[in-house]
Every structure is written in structure tokens, then in C-alpha cells.
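Please examine the sequence and the structure shown below. The briefing that follows treats a sheet, a helix and several charged side chains.

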Amino acid sequence: MVGLFWISEDCVYLGAEPTGAAPGVRLTGDGVEILGQGQGGRSWKWDEVRGLDVRDVAVRSAGRRLASMAFDSVVVLFTGDGEHPPLFTVVVETEDDGTVEANALAAVTGGIHTPDEYALSRTLLARLADGTTTVGELVGWRRDEPGDVAPTRDQRLALLRAWTAAPV
């Protein structure tokens with residue numbers, strides 16, 4: 001998980017990789033695909049996509065994120081009642097279909113992102129939509145990294161900064 005992106009060796013998901021009928025959005029070298037029961041089956045090639053953005057993402061400072069996660073853990077410990085990951089909204093803007101909204105499940109623990117992760121993720125979405133960054137750059141990184149090793153917070157931010165840097 002890097003920012004809002006779940007990166008596999010062949011594609012990138014916004015939020016968690018959906019299983020079964022769960023909602024999600026997949027980004028491939030070819031384009032954008034909406035997945036999940038009741039919202040799936042729509043896809044666009046990159047040259048049809050005019051914009052990508054997200055809404056309804058839980059954003060808190062690192063300290064507040066940690067406090068929220070600790071509180072949620074205590075609630076689950078005492079009640080045994082865990083929550084499903086929260087949903088956020090992915091907005092796909094296309095020339096032919098206008099603005100299309102889809103849901104994706106948050107993949108980060110607690111569903112909460114820091115402000116810098118969120119801002120860099122939105123910038124990366126814009127760069128993917130305008131073609132200045134490609135899905136291939138993200139999956140290339142994953143292919144070069146051990147699959148069982150998650151990057152640290154600083155490494156994740158460095159990756160997002162590299163993928164959103166203006167070309168020289």
C-alpha cells in the first residue's frame with residue numbers, strides 16, 4: 001500500500017484489491033476499470049479518461065490517525081465488534097460518459113490517511129489521468145520489491161513524491 005494505491009505486479013487498485021463482489025477500481029496499462037456488484041463492468045482506455053480524483057477519504061494528522069486506530073482497537077477488544085473497511089469515492093471523468101463515481105474499500109489500517117499521503121495520491125491520480133505518469137511505473141516498482149515487504153511510511157512518501165515529480 002502506497003498512499004491510496006494497492007500495487008500488484010500487473011495492476012494498481014485504488015484502495016484494497018476487491019474480492020468477490022466487493023467494490024473497487026483497477027488501473028492497468030490499458031486504462032481504468034470499475035469492479036464490484038452493482039457498479040462493475042465499466043471501463044475506459046487512458047485516452048478516454050480526462051480526470052481521476054477521490055472523495056470521502058478519511059484524512060487525519062499522524063498523531064490523530066494513531067489515536068483513532070488505538071481507540072478502534074480498544075472498542076474491538078471489548079466488544080468484539082469490528083467494522084468493515086470504510087468506503088471512499090473514486091471519480092472518473094471521461095469525454096463520453098461525463099463524471100462517473102464508484103466506491104472503493106480503504107486498504108490502510110483504520111481507513112485513515114495522513115494529509116501528505118492524501119495530497120500526493122490525488123496529484124498522482126491527476127498525473128495518471130493526463131499521462132505524465134503511467135501505471136507501468138508503479139507496477140515496475142512492485143516487481144522490483146519483495147512482495148512480502150511493506151515500505152515504511154518514509155519510503156511510501158518518497159515513492160509518491162518521485163511518481164508526482166515534474167519531468168525534467
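Is Glu117 buried or exposed? At 5% relative accessibility, Glu117 counts as buried, where buried means under 20% relative accessible area, exposed means over 50%, and partly exposed lies in between (1.4 Å probe, protein chains only). This is a predicted model, in which local features need pLDDT of at least 70 and side-chain atom pairs count only at pLDDT 80 or more, while totals for chains, interfaces and linings use all residues. Residues are numbered from 1 along each chain as its sequence is written, and side-chain values use heavy atoms, with hydrogens and water left out.

**The sheet**

- Five strands form an open sheet in the order S1-S2-S3-S4-S5, with antiparallel pairing; strands are DSSP runs of E with at least two residues, helices are runs of H or I with at least four, and both are numbered from the N terminus.
- Strands S1 (5–7) and S5 (42–45) each have a single partner strand and stand at the edges, so one side of each is left without a neighbour in the sheet.
- On average, neighbouring strands of this sheet are turned by 20° against each other, direction ignored; axes are lines fitted to C-alpha atoms, for helices over the stretch in contact, and angles run from 0 to 180 degrees between N-to-C directions.
- Two strands count as paired if DSSP finds at least two bridges between them.
- Strands S2 (residues 12–14) and S3 (residues 24–27) run antiparallel and are joined by three bridges; Tyr13 has Arg26 in S3 as its bridge partner.
- Four bridges connect S3 and S4 in the antiparallel sense, and Gly24 has Leu35 in S4 as its bridge partner.
- Four bridges also connect S4 and S5 in the antiparallel sense, with Lys45 in S5 as the bridge partner of Gly31.
- Strand S4 (residues 31–35) has four of its five residues buried, so it is largely enclosed by the rest of the structure.

**Loops and turns**

- The hairpin from S3 to S4 passes through three residues.
- The hairpin of S4 and S5 has six residues between the strands, and Gly36 in the turn has a positive phi of about 110°.
- Thr19 lies in the loop between S2 and S3 and counts as exposed at 61% relative accessibility.
- The C-alpha atoms of Thr19 and Gly36 are separated by 8.4 Å, although these residues are 17 residues apart along the chain.

**Helix H2 and its charged side chains**

- Helix H2 lies across S1, S2 and S3, running at about 65° to S1; contact here means heavy atoms within 4.5 Å.
- The count comes to seven salt bridges, each being a side-chain nitrogen of Lys or Arg within 4 Å of a carboxyl oxygen of Asp or Glu.
- One of them joins the side chains of Arg122 and Asp53 (2.7 Å, N to O).
- Arg122 lies in helix H2 and Asp53 in strand S6 (residues 49–55), so the pair ties together parts that are 69 residues apart in sequence.
- Another joins Asp116 and Arg153 (3.1 Å, N to O), linking helix H2 with helix H4 (residues 153–164) across 37 residues.
- Glu117 forms a salt bridge with Arg156, with the closest N and O atoms 3.7 Å apart; Glu117 is in helix H2 and Arg156 in helix H4, 39 residues apart.

**A buried arginine**

- Arg127 is placed in helix H2 (residues 115–130).
- Arg127 is buried yet has no salt bridge, and the nearest side chain of opposite charge, Asp130, is 5.9 Å away; Lys and Arg count as positive and Asp and Glu as negative, while His and the chain ends are not counted.
- The side chain of Arg127 makes a polar contact with that of Thr133 (2.9 Å); a polar contact is a pair of N or O atoms within 3.5 Å, and within protein one must be able to donate a hydrogen and the other to accept it, with residues adjacent in sequence counting only if both atoms are side-chain atoms.
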